[in-house]
Protein chains: 10
Amino acid sequence: MPQTAPFHVLVSRKLTDMELAAAIRLDLEAELDAINLYTAHVEATDNVEAKAILRHVMDEEREHAALFRELIRRMDPAQARHDSEAPRKYQLIVSGAPHGDVEDGGGSSGAAAPAPVGAALTVGSLRPR
Amino acid sequence: MPQTAPFHVLVSRKLTDMELAAAIRLDLEAELDAINLYTAHVEATDNVEAKAILRHVMDEEREHAALFRELIRRMDPAQARHDSEAPRKYQLIVSGAPHGDVEDGGGSSGAAAPAPVGAALTVGSLRPR
Amino acid sequence: MPQTAPFHVLVSRKLTDMELAAAIRLDLEAELDAINLYTAHVEATDNVEAKAILRHVMDEEREHAALFRELIRRMDPAQARHDSEAPRKYQLIVSGAPHGDVEDGGGSSGAAAPAPVGAALTVGSLRPR
Amino acid sequence: MPQTAPFHVLVSRKLTDMELAAAIRLDLEAELDAINLYTAHVEATDNVEAKAILRHVMDEEREHAALFRELIRRMDPAQARHDSEAPRKYQLIVSGAPHGDVEDGGGSSGAAAPAPVGAALTVGSLRPR
Amino acid sequence: MPQTAPFHVLVSRKLTDMELAAAIRLDLEAELDAINLYTAHVEATDNVEAKAILRHVMDEEREHAALFRELIRRMDPAQARHDSEAPRKYQLIVSGAPHGDVEDGGGSSGAAAPAPVGAALTVGSLRPR
Amino acid sequence: MPQTAPFHVLVSRKLTDMELAAAIRLDLEAELDAINLYTAHVEATDNVEAKAILRHVMDEEREHAALFRELIRRMDPAQARHDSEAPRKYQLIVSGAPHGDVEDGGGSSGAAAPAPVGAALTVGSLRPR
Amino acid sequence: MPQTAPFHVLVSRKLTDMELAAAIRLDLEAELDAINLYTAHVEATDNVEAKAILRHVMDEEREHAALFRELIRRMDPAQARHDSEAPRKYQLIVSGAPHGDVEDGGGSSGAAAPAPVGAALTVGSLRPR
Amino acid sequence: MPQTAPFHVLVSRKLTDMELAAAIRLDLEAELDAINLYTAHVEATDNVEAKAILRHVMDEEREHAALFRELIRRMDPAQARHDSEAPRKYQLIVSGAPHGDVEDGGGSSGAAAPAPVGAALTVGSLRPR
Amino acid sequence: MPQTAPFHVLVSRKLTDMELAAAIRLDLEAELDAINLYTAHVEATDNVEAKAILRHVMDEEREHAALFRELIRRMDPAQARHDSEAPRKYQLIVSGAPHGDVEDGGGSSGAAAPAPVGAALTVGSLRPR
Amino acid sequence: MPQTAPFHVLVSRKLTDMELAAAIRLDLEAELDAINLYTAHVEATDNVEAKAILRHVMDEEREHAALFRELIRRMDPAQARHDSEAPRKYQLIVSGAPHGDVEDGGGSSGAAAPAPVGAALTVGSLRPR
């Protein structure tokens, strides 16, 4: 472990929209890391109370991951588009479709699907008025 | 002082289902980290060619994040359920609903929504036969 | 340079009681780290939706921290004893009592207080039968 | 080990209340990490003098963890509320109660319990006058 | 893991040409790290769907690595020269040629070869007008 | 606190082809990291002798980066293909071509170009006989 | 990205004497790191209760540092000798004595001083019988 | 290894007394880490020349640790007091005395012992005039 | 791996002589780390082409280490003096000479030897005029 | 969050010659890192006693760096050759000689110079008999 930095949580200024989106991506990473940590601990013990608590907490971390993803979709419309195309592309990839078809297939699917985030909500439109 | 571990990529055995799901969560983290890295570089330069390349690459990282999320949904049905409930819960939370309503609201919404991952695909069912 | 360890979540064997207690302490650290991360992000933005989601998630991380602390109390009776003595010691310390009084005062308080974890529950007693 | 940063302990300004609470959470993390370190060393040796010293020190780290937790409860009333609800929620979770009951059960318990931190002491009220 | 730094993606100013080239080198490092991560995961599982997705993604990371390398060649003409000389030097080295021949051989080869990046495009010439 | 791992360079077994390719990618990362380090130092000093030495060394690190890239091309034919397609794709991207054209354009270009690494040299063919 | 190792506290075997001495040196480092962390937090706040708790805890960390140092002296007689010579050498160094005198002066002082750790207690003699 | 930070040794201003004491504690940590590193290397080889050089160097690192400790005693009188009380407390702890006796016993011992650092030398009194 | 810091190579100002010397020491550390990395990879493979390239590159890293050491000698005359005394001291140490003789022996040797760096070239004299 | 590995100094087996040379290179890095740490602290304070102690210690770290370098020269004859050629190459580089001359010039100089490490001492010859 390197030296413990005493002041890693100083807030110097408000974030820009781009920086806030990056912060939420980092938050999502933290939730994924926590899920990995708890799932490993559940697997490595037979203590029933510890397993129960870990599973309860882990389930809520999954909820948090889902909420942060939803927030990212609204702040980053390009991510929302890729999220909506992913199920179709996934099917093409695992069925062995050539690379070009995956690129096309995902796109047309996305065009046909009901736009899940509505009219491209940008971060700007979320700002307090 | 610089101390690079020469052998951080040794494969010692096949992963269990739990470990594979953890690996894919880590892969998703890596994509999010890359998006954050490239978005910061785009923001910090006026060089038009560098911006164009970074944006092209960053767009594909978003696609990768979406694909890894889709894979996680199929390996981890509990995550899939939370993902499908998240849009409704998100609305409740930002509209200031009390905590209890959020827990309930998300759940009933999830029950009503078309199940996006079908009949709970577990990792086991993805295995080669 | 970036050097991600691909296999940091391999489970090699079940944990001993001591190791499990250490794992839960690490889990509590992870929750505290997450609270610090989210509180910093709340503070650094005026985006009302992001603030609402972050606060909702952060509140549940506080619940998780409380649950992990409760689990630690049950696995580590010495910690439970210190937890029950802490309010009295805290008062003595902030009122400027000499060091010896703090050590004594906390102890007698603990003796008088209703034992919050009952008859020293050890990890052993939590084990599945 | 990366390069040793010579100046990781420079104090640039006083902390805000939010930043101070984050600092104390970090301090609690440091105590938990120390307990884990010493408990591992106790377990890994038969040297009786080393074991005796490590156990003495480790016991005081547990006291420190309890004191920092008490300080956090007073700086962060939301954490205090969750701490007081945790024993009841813990029981519900390990007894297999459904998720909704846990959320409700903890809350009603918290409402009935004697408020352990009194009239929501905020950090502001701790400030020197 | 050290504490999570909440604000690692703050953009304070535009990069100089030198700093931008360094940023793109870091981006290339990130792609190489991702390829290593995914190739390890492919190797460590028999799950056919996970393998298919990982290979699809990994192939695009290789494309990204190639694009960042191309961008570096254009920003750093000295790197472009070494890239064009490398195939010849590689042959000399593996065939056991003495060190001096490698230095000379690579150079003359580079002189004869069609200049792959044209008239030394410097970063300056890529700037928006 | 400083905690240097004394034995980070222990060789436990020979690498597989996949692991060796990952090792060389890591080596390429190390060269890129060194170039970034030295270029920063050149920029931050007016000491003429230090600048001259740093530039001499940095030029050879660029040569090393080129050699490791050449080695990777020979061990990883998929990377070689992407490298040969990159100049054409780069042009399409910076000229604003739509995403689909980039995917196609790069491919057809690659098909027409003289194959720079010959008949797909795999790692296997580099092995000693 | 965040990547917490879930199992950093696994005990695989008992430590040798050399390894135990190294462990206690690491424990002393941990105490020094904690003192630095708390002293920085004391300095950065005017909150009187937080300052009081931090100072109380910090004082006990100093006691721990002293105890670990005492344990090291008994496990490592060479360290004990240097500790007893240090005050004299310190005086010589700050008074500007030449390097040779410091080496000699410390030694003769150490010979004259009452041996503070008695007849070279080695770790062996501390072992349980 | 993360990226190498090119400028980790920039001096921005003179340290306060508190910060200087923290710096010397970090220096002591660095010496302890070096002793651990070299002792491990001595143990892991039979090369007689390497062992001789490592032991020579390691002995001087112990001297450095002793000198930094002496400097800390003079800058931090509270540490000096704990250092002088430690031998008595150590004896009480390893002989199984109850916790209260250790706290008292150490203190009375410290009162009787010849004050080893004289009239509480603070850092201030070491300052150049 | 922690989060990737996007801007670790920002140049804020020119280095002082002291800081430049520290930078070159860091550069030497980076070369030593690279040699360790490549030597481990050579040892862990039988691939003849990879071995040949790694050995070629590693040999030039040794040259770089030698050049950086030469630069340090010229910037840091105290280091140059120790370098010139080291061969004699080395002989004394490995032949078992007492510590005092090593200190003296190295010194007298240094006095008699032809001064290897000429008239103590300080960094100042290397500056551009 | 703080996560100290308790057992980073376990010795599992004796090192090979290659691994021992790598260990000593790491030790040299540790000395360079310490010099950088102490030189920064000297620069950042006016406390005369702290400066005197830091300078005394730092001078011995330079001696250690010289001794480890001497040990590396004897274990790694290729490094010894480059060290002896470095002064001549350094002169050629700073005088602006073309790259080819540097490669040649260093070599011929090395041939003419008195071989400083005698008849290529390999590690093998240092082994105990």
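The model under discussion is predicted.

**Chains C and A.** On the side of chain C that touches chain A, α1 (17-43) and α2 (48-75) of chain C each contribute at least two residues. By class, that side holds 23 nonpolar, seven polar and 11 charged residues. Two salt bridges are counted between chain C and chain A. C:K14 and A:D46 are joined by a salt bridge, with their closest N and O atoms 3.1 Å apart.

**Chains G and H.** The interface of chain G and chain H has 12 residue pairs in polar contact, again with both residues at pLDDT 80 or more. Three helices of chain G, namely α1 (17-43), α2 (48-75) and α3 (77-94), each supply at least two residues of the side that touches chain H. The largest share of that side, 13 residues, comes from α1(G). The residues of the side of chain G that touches chain H comprise 17 nonpolar, five polar and 15 charged. Six salt bridges are counted between chain G and chain H. A salt bridge links the side chains of H:D59 and G:R81, at 3.5 Å from N to O.

The extent of each interface is set out below.

| Chains | Residues in contact | Buried area | Share on carbon and sulfur atoms |
|---|---|---|---|
| C and A | 41 residues of chain C, 42 residues of chain A | about 3,800 Å² | 65% |
| G and H | 37 residues of chain G, 37 residues of chain H | about 3,500 Å² | 56% |

Of the area of about 3,500 Å² buried between chain G and chain H, the side of chain G loses the most at G:M18, G:R62 and G:Y90, which together make up 17% of what that side buries.

E:K51 is located in helix α2 (residues 48-75) of chain E. E:K51 is buried but has no salt bridge, and the nearest side chain of opposite charge, that of E:D46, is 4.6 Å away. Apart from its neighbours within four places in sequence, E:K51 is in contact with E:V42, E:T45 and E:D46.

In chain A, helix α2 (residues 48-75) contains A:V48. A:V48 counts as partly exposed because its relative accessibility is 40%. A:V48 and A:M18 are separated by 30 residues in sequence and by 44 Å in space, C-alpha to C-alpha.

Terms used
Residues are numbered from 1 along each chain as its sequence is written. Chains are lettered from A and ligands numbered from 1 in the order in which they are written. This is a predicted model: local features need pLDDT of at least 70, side-chain atom pairs count only at pLDDT 80 or more; totals for chains, interfaces and linings use all residues. Side-chain values use heavy atoms; hydrogens and water are left out. Helices (H or I, at least four residues) and strands (E, at least two) are DSSP runs, numbered from the N terminus. Buried means under 20% relative accessible area, exposed over 50%, partly exposed in between (1.4 Å probe, protein chains only). Lys and Arg count as positive and Asp and Glu as negative; His and the chain ends are not counted. A salt bridge is a side-chain nitrogen of Lys or Arg within 4 Å of a carboxyl oxygen of Asp or Glu. Contact means heavy atoms within 4.5 Å. Buried area is the accessible area (1.4 Å probe) that two parts lose on being put together, summed over both. A polar contact is a pair of N or O atoms within 3.5 Å; within protein, one must be able to donate a hydrogen and the other to accept it, and residues adjacent in sequence count only if both atoms are side-chain atoms. Ala, Val, Leu, Ile, Met, Phe, Trp, Tyr, Cys and Pro count as nonpolar, Asp, Glu, Lys and Arg as charged, and the others, Gly among them, as polar.
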